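Please walk through the fold, the charged contacts, the aromatic rings and the surface of the protein shown here.

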Amino acid sequence: MGAFLKLIDVILFIVFLVIAIGAPFLDAQTCLPSTLFPDILINLNTWYTHQFGDYLVSEKPHFFVGLIWLELLFAWPLALACLYGIVAGKSWLRITCLLYGVSTLTSMVAILSELVGSGKASEKLLKMYFPFMGFAVLAILRGFLPHSPKTNAISTKSASARKKRA
């Protein structure tokens with residue numbers, strides 16, 4: 001079970017790292033003025049929108065803007081907390097993963113319902129969004145798995161250094 005838990009933590013760490021970087025620099029462009037972002041980030045977002053045909057990012061429907069605000073104010077801080085929780089082996093990681101996963105799964109159901117139901121989304125765009133639903137389910141699963149003590153978390157300390165502490 002320890003290796004399985006560690007594998008899930010490594011996968012989630014990578015996803016949370018992507019969210020920690022992407023949310024404030026790319027997703028925030030949906031609901032904040034473009035004057036707050038450097039041209040390179042605006043160009044990257046424009047490239048993504050055209051490359052994947054993401055009409056939600058370009059058209060900015062109200063429900064989508066609301067979900068981005070939810071991501072920035074609730075899910076993004078949880079992603080940061082999960083990153084720290086994985087690295088430090090914190091016991092509350094289960095709770096933050098569960099909260100993040102449920103919030104993201106709920107958002108992804110709304111977004112994917114729009115993408116599939118509208119008929120506007122390309123297969124390429126759906127392939128971009130569907131993995132986030134899977135990661136949300138993985139975060140929920142991690143919330144139900146037992147706590148991995150610091151020795152099982154991603155750590156830089158050697159096993160002998162951890163054992164010497166009384």
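**A guided reading of the model**

At 33% relative accessibility, leucine 70 counts as partly exposed, where buried means under 20% relative accessible area, exposed over 50% and partly exposed in between, computed with a 1.4 Å probe and protein chains only. Leucine 70 is found in helix α4; helices here are DSSP runs of H or I with at least four residues, strands are runs of E with at least two, and both are numbered from the N terminus. The model is predicted, so local features need pLDDT of at least 70 and side-chain atom pairs count only at pLDDT 80 or more, whereas totals for chains, interfaces and linings use all residues. Residues are numbered from 1 along each chain as its sequence is written, and side-chain values use heavy atoms, with hydrogens and water left out.

Leucine 70 also belongs to a nonpolar surface patch with Phe74, Tyr84, Trp92, Ile95 and Leu99, and together these residues have about 550 Å² of accessible area. Patches are made of residues with over 30% relative accessible area and no salt bridge, like charges being joined within 9 Å and nonpolar side chains (Val, Leu, Ile, Met, Phe, Trp, Tyr) within 5 Å. The accessible areas come from the Shrake-Rupley method with a 1.4 Å probe, and for residues only the protein chains shown count as cover. Helices α4 (62-88) and α5 (93-118) each supply at least two residues of this patch, and α4 gives the most, with three.

The overall fold can now be set around this patch. The protein chain has seven helices and zero strands, and from the N terminus on its elements run α-α-α-α-α-α-α. Of its 166 residues, 39% count as buried. For "transmembrane region", an unreviewed UniProt entry lists residues 7-26, 63-86, 98-116 and 128-145; the UniProt positions are given in the numbering used here, feature names are shortened, and annotations may be inferred rather than shown by experiment. Over residues 63-86 the chain is 100% helix and 0% strand, with the end C-alpha atoms 32 Å apart. Over residues 128-145 the chain is 94% helix and 0% strand, and there the end C-alpha atoms are 27 Å apart.

The charged contacts come next. The structure holds three salt bridges, each defined as a side-chain nitrogen of Lys or Arg within 4 Å of a carboxyl oxygen of Asp or Glu. In one of them, the side chains of arginine 142 and aspartate 9 meet at 2.6 Å, N to O. Because arginine 142 lies in helix α6 (residues 123-144) and aspartate 9 in helix α1 (residues 2-25), this pair ties together parts that are 133 residues apart in sequence. Both arginine 142 and aspartate 9 are buried.

Glutamate 59 forms a salt bridge with lysine 120, the closest N and O atoms being 3.6 Å apart. Glutamate 59 lies in helix α3 and lysine 120 in the loop between α5 and α6, so this pair ties together parts that are 61 residues apart in sequence. Glutamate 59 is partly exposed, at 49% relative accessible area, and lysine 120 is likewise partly exposed, at 49%. Within helix α6, glutamate 123 and lysine 127 are four residues apart, about one turn of the helix, and their side chains meet in a salt bridge at 3.2 Å, N to O. Glutamate 123 is exposed at 58% relative accessibility, and lysine 127 is exposed at 57%.

Lysine 60 deserves a separate look. This residue lies in the loop between α3 (55-59) and α4, and has a positive phi of about 50° although it is not a glycine. At 38% relative accessibility, lysine 60 counts as partly exposed.

How many aromatic pairs does a search of the whole structure find? The search finds six, where rings of Phe, Tyr and Trp (its six-membered ring) pair if their centres lie within 6.5 Å, and planes under 30 degrees apart count as stacked, over 60 as edge-to-face and the rest as tilted. Among them, tryptophan 47 and phenylalanine 52 are edge-to-face, at 6.5 Å centre to centre and 85° between the planes. Tryptophan 47 is partly exposed at 48% relative accessibility, whereas phenylalanine 52 is buried at 17%. Another pair, tyrosine 84 and tryptophan 92, is stacked, at 6.1 Å centre to centre and 25° between the planes. Trp47, Tyr48 and Phe52 form one aromatic cluster. Lysine 124 lies over the face of phenylalanine 52, at 5.1 Å from the ring centre; a charge sits over a ring if NZ of Lys or CZ of Arg is within 6 Å of the ring centre and within 35 degrees of the ring normal.
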